[in-house]
Amino acid sequence: MNNLVEKYRQEVQSILAKYPLEQKRAAVMPLLYLAQREMGYVTPQSMADIADVLELSTTDVASIIGFYTLYYDEPSGKYHLQVCTDLPCALRGAEQFLEKFCENLGIRVGETTADEVVSVEQVTCLAACNRAPVFQLQSGDGITYYENQTVASALDLVERLKKREAGKDGR
Ligand code: FES
């Protein structure tokens, strides 16, 4: 049984309908996004389901997850806050920003806050090099970009996200 198809039959069909049958493997990206939406990461079962639908190997699917910073293969924060530290951004203080930001959150780069709300990651160019420090915030709702950030503004955002999540849980 294919759990992904069983659960999201209509969405899977509408994704597949966008690609010619002989190129259906191109649907791997939206299917991964769909699979990730619920748990915040792509489970081994979802990888197998996607491979089955697209007639790929699970290794092919796993390699795509490994290549793109948009996909995760293990549990992490509800929000992924991804800071660019490439050279142009580093010249504008991105590394110090990231270090101080993580220090204030009590985590290291690549880790998740204790309440599992935010994971902080280091990424390469986000195409806003002259407006660093810059990060993208990724969640099931999509991606939002934040430019010209300070540690204080980023911490303020994290507080708002934590409050939003606490409100959802009734915490
Ligand atoms: S180098 Fe950081 S956004 Fe381009």
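Trainee: Which elements do the buried residues of α3 pack against?

Mentor: First, the basis: this is a predicted model, where local features need pLDDT of at least 70, side-chain atom pairs count only at pLDDT 80 or more, and totals for chains, interfaces and linings use all residues. Residues are numbered from 1 along each chain as its sequence is written, and side-chain values use heavy atoms, with hydrogens and water left out. Contact means heavy atoms within 4.5 Å. The buried residues of α3 pack against α1 (3–7), α2 (9–16), α4 (44–54), α5 (58–67) and β3 (135–139).

Trainee: Which residues of α3 are buried?

Mentor: Helices (H or I, at least four residues) and strands (E, at least two) are DSSP runs, numbered from the N terminus. Buried means under 20% relative accessible area, exposed over 50%, partly exposed in between (1.4 Å probe, protein chains only). In α3 the buried residues are Val28, Leu31, Leu32, Leu34, Ala35 and Gln36.

Trainee: What kind of pair do phenylalanine 67 and tyrosine 68 form?

Mentor: Rings of Phe, Tyr and Trp (its six-membered ring) pair if their centres lie within 6.5 Å; planes under 30 degrees apart are stacked, over 60 edge-to-face, the rest tilted. By this rule there are five aromatic pairs. The ring centres of phenylalanine 67 and tyrosine 68 are 5.0 Å apart and the planes are at 85 degrees, so the pair is edge-to-face.

Trainee: Is tyrosine 71 buried or exposed?

Mentor: Its ring and that of tyrosine 68 have centres 6.3 Å apart and planes at 85 degrees, so they pair edge-to-face. Tyrosine 71 has a relative accessible area of 6%, so tyrosine 71 is buried.
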